[in-house]
Amino acid sequence: MRPVLSTIASDGVGGVSVPGRHRLSWFRQDRFVHLVPLATVLLFLAVVISAFWYLRLEEVRREQEAVKRDVEYGQQRLRLRLLERQEQLMRLARDIANHDIDPLRFGFHAESLAMQYPELLVLSWIGKHGQVIIVRTSPSINAPRDWMTDGALKAGETKTNYDLARDLLQPVYSQPVAVGDGVPVLQLHIPFTFDGRFAGELLAEYSIDALLRYGVPSEILAKYAAALLDSKGQILAGQSIPDRSDISDQLPWAAKVNEFETPVSPVGNGLILRIQAWRTSQSVLGNALFWLAATLSVLTVWMLLYNWHQTRRRQQAQAALQTETGFRRAMENSMLTGMRALDLQGRISYVNPAFCQMTGWSESELIGQSEPFSYWPEADRETLTMRLAEELSGTADTAGFQMRVKRKDGSLFDARLYVSPLIDAAGKQTGWMASMTDITEPNRVRQQLAASYQRFTTVLEALDASVSVAPLGSKELLFANKLYRQWFGDTSSGHMKLVMRASTLPRHDASESLDAVDTLAGLPLDSLAASPAAEQDEVYIERLDKWLEVRSRYLHWVDGRLAQLVIATDITARRRAEEQAAAQADRAQTASRLIIMGEMASSVAHELNQPLTAISNYCTGMISRVRGGGIGSEDLLTTLEKTAWQAQRAGQVVQHIRNFVKRSEPQRQWSEVPAMIEQVVELAEIELRRRQVRLTHHVDANLPALFVDPILIEQVLINLIKNGAESVEAAQRSPNNRVVDLRVTQRGVAGMAAVQFVVADTGSGLAPEVLDHLYEAFFSTKNKGLGIGLNLCRSIIESHQGRIATDNLYNAGQIAGCRFIFWVPVSPSLGTSALPSHSNKVVV
């Protein structure tokens with residue numbers, strides 16, 4: 001390039017020289033000729049831009065007028081909607097003031113209005129003293145109202161507006177506020193009066209977002225970016241056009257966002273409707289005529305620039321050469337891998353900065369060195385000499401080899417060296433090039449991973465649970481700990497048996513080949529492996545004679561395959577303990593029934609004594625009259641019928657007692673509630689008559705059948721009725737107030753149908769400290785009580801997936817009795833996981 005540059009810079013071309021004065025004149029004239037077309041093009045562009053600018057101003061003015069007209073129309077529509085809702089709510093307030101609507105009917109009206117008008121979120125009836133009587137919210141509202149506390153208005157903007165509406169006796173709109181979860185709402189306070197005096201207020205909360213969506217016409221929302229602002233200009237609902245980031249929009253003369261704002265009546269300046277027009281017209285730079293003129297001008301300028309082409313090529317060639325040289329030098333200096341070149345005699349001919357930085361030796365100290373090199377450790381020189389000989393002979397391993405390197409300060413680090421021949425541009429080998437990488441940290445991490453794996457394996461081998469991992473759709477066993485191998489051996493058969501017994505994976509068809517279609521294709525395997533939930537089941541393995549608790553979950557194995565982890569824990573001892581506990585509970589239930597009948601023995605004896613005495617009297621009378629010959633066949637038949645009825649009555653009592661106390665396995669069946677109540681009433685009345693307590697009962701019609709053990713349910717009811725009678729007797733109530741009431745109704749609990757049993761008495765009730773321990777085992781308020789009756793009752797009810805609770809009955813602030821409530825679900829398929837947690841409080 002230098003000869004060329006020298007030739008171009010000379011004063012002559014082709015041996016002919018040009019005088020300096022003429023050359024300067026030619027340069028000035030040439031520059032003037034080039035500037036005239038450029039000035040013409042610039043003038044033409046100025047005219048075109050001015051025309052486009054004027055047209056653009058006219059278009060913007062028309063758009064502003066259209067936006068103003070549309071925002072006023074939208075404000076009128078929004079105002080009419082607010083006034084319509086206000087009129088409806090004022091009518092509702094008048095009905096409340098005239099006592100035409102009670103809180104229940106108010107809830108129905110409020111829910112109807114919320115469903116009919118989406119902008120209505122909450123309707124609240126507030127009393128004249130600020131107490132919140134009832135609040136009805138839209139189904140979409142979950143957050144609590146933060147303007148109330150403990151059933152009354154708390155100090156704040158809502159309370160201030162409430163006082164203002166009370167003083168003015170006129171509807172008052174509040175400034176938009178954020179309640180609950182931070183959603184802005186508009187509150188309307190409508191006072192109502194009774195006999196000319198303030199009687200309360202109806203508080204309505206509007207969703208500002210719904211007001212915008214349903215109050216402003218849809219054609220305006222589709223055409224503009226509409227938003228509702230507060231008095232500070234903050235956006236409450238809607239959207240705003242962001243600042244444009246185009247280069248043309250950043251110019252000083254670029255058109256700004258076309259917008260217009262107006263306050264919403266009757267709210268006032270607290271709610272402002274703003275409409276911003278979307279950019280629909282093309283900008284100046286988007287006009288075709290502009291680009292046509294610009295293109296013509298560019299073509300003219302291009303002809304001028306062509307004269308500079310050769311000079312630019314020369315400058316670009318020089319810049320490219322400098323850039324290439326700088327790039328290669330920067331790449332060499334920025335490499336983290338050390339590079340070292342040896343000539344054919346084994347002397348160092350080149351090292352890069354990274355190599356010098358690794359070893360601590362400078363380039364001048366390393367260049368020209370031969371073996372042994374200064375970065376070789378003394379202890380490894382023999383081995384490294386053999387490696388160098390292999391390198392120079394061309395037999396070095398292309399996969400590289402690991403070595404230790406000594407730094408200038410004497411410290412050592414691990415490195416890996418890769419060797420390849422160094423070929424020049426002519427294809428001739430001039431030496432050997434080696435790259436060196438510091439692998440000290442990877443070696444340390446690898447050692448730590450090995451130690452961590454050893455610790456992890458030791459822990460798994462010592463677990464008292466079987467752990468195995470196998471891929472889905474394969475018989476390969478990826479991992480098994482010591483206990484698994486003791487139980488099932490080294491194959492995956494035990495793993496698959498546990499999985500199939502636990503019903504966590506369908507059986508794999510062994511006849512499928514490896515080329516068969518993947519049965520798991522299309523399934524969301526990533527989400528399956530990422531799920532933290534583990535499947536759990538209990539299975540019995542005959543060969544081991546053990547009960548195992550099997551837990552499994554899916555995971556991605558190290559090779560990316562979806563695998564299943566199965567952990568089996570021996571729970572044989574626990575299962576046997578549970579079986580023993582169940583048997584013990586069954587014996588406790590039978591013993592409880594025997595205790596109940598033992599406590600009722602005197603009442604049963606009295607109940608049997610009456611029919612037996614009647615039978616004895618009838619027989620004695622008949623014998624006397626037969627001997628005296630003073631009885632006819634009709635009188636004899638009547639007497640025998642009465643005798644038979646008394647004997648049947650005694651037999652029924654005995655049969656009821658026998659059915660109640662006989663020991664049998666728990667047997668659940670579909671049982672009719674009225675039949676169970678009839679058996680309970682007949683047995684309980686025996687005890688209650690002895691204690692001079694009256695038993696009343698009520699059973700709803702058309703009650704569904706229950707899937708229960710009827711004997712156990714009867715046992716619970718008899719125990720509760722008997723306890724109630726004892727409480728009434730101990731309270732020494734008057735004859736008219738010695739009552740135990742049994743009521744059976746149908747109700748819904750936790751979203752499911754259930755039958756509720758209520759046993760209430762007129763006794764002295766229970767102390768608060770007794771209520772907290774009432775269902776604990778061996779806790780009793782009786783002097784001779786064992787404390788197992790109510791505990792057993794709760795166990796029976798909860799075994800039927802029900803719940804039992806207790807509370808006192810009050811009359812004028814005094815305890816007037818006690819009430820036991822329990823319910824049993826109708827459907828037997830519901831699991832206990834869906835039931836509420838146990839509580840001693842009554843669920844109404």
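Predicted model: local features only at pLDDT ≥ 70, side-chain atom pairs only at ≥ 80, totals over all residues.
**Helix H3**

I looked up which residues of helix H3 are buried (under 20% relative accessible area, with exposed being over 50% and partly exposed in between, for a 1.4 Å probe and protein chains only). Phe-106, Gly-107, Ala-110, Leu-113 and Ala-114 are the buried ones in H3. They sit on the same side of H3, because they cover an arc of only 135° around the axis; the arc is that of the directions from the helix axis to the C-beta atoms. Turned away from that buried side, I found the exposed residues Leu-104, Phe-108 and Met-115.

Residues are numbered from 1 along each chain as its sequence is written, and side-chain values use heavy atoms, with hydrogens and water left out.

Then I checked the length of H3. Helices (H or I, at least four residues) and strands (E, at least two) are DSSP runs, numbered from the N terminus. The expected span is 1.5 Å times one less than the number of residues. H3 has 14 residues (103-116) and should span 20 Å; its end C-alpha atoms are 20 Å apart, so the two agree.

**Sheet with S16 to S17 at its edges**

Next I followed an open sheet of 5 strands, ordered S16-S15-S19-S18-S17, with antiparallel pairing. Two strands pair if DSSP finds at least two bridges between them. Strand S16 (348-351) and strand S17 (401-406) are the edge strands, each pairing on one side only. On average, neighbouring strands here are turned by 35° against each other, direction ignored. Angles run from 0 to 180 degrees between N-to-C directions, and axes are lines fitted to C-alpha atoms, for helices over the stretch in contact.

S17 and strand S18 (residues 412-423) run antiparallel and are joined by 6 bridges. Opposite Met-403 I found Ala-415 in S18. Helix H12 (residues 440-462) lies across S17, S18 and strand S19 (429-438), at about 125° to S18. Contact means heavy atoms within 4.5 Å.

**Aromatic rings**

How many aromatic pairs does the whole structure have? My search of it gave 10. Rings of Phe, Tyr and Trp (its six-membered ring) pair if their centres lie within 6.5 Å; planes under 30 degrees apart are stacked, over 60 edge-to-face, and the rest tilted.

Phe-355 and Tyr-375 are edge-to-face, 5.4 Å centre to centre with 80° between the planes. Phe-355 is in helix H9 (residues 353-359), while Tyr-375 is in the loop between helix H10 (363-366) and helix H11 (381-393), 20 residues apart. Phe-355 counts as buried because its relative accessibility is 1%, and Tyr-375 counts as buried at 2%.

S26 pairs with strand S28 (residues 739-749) in the parallel sense over 6 bridges, and Thr-696 has Asp-741 in S28 as its bridge partner.
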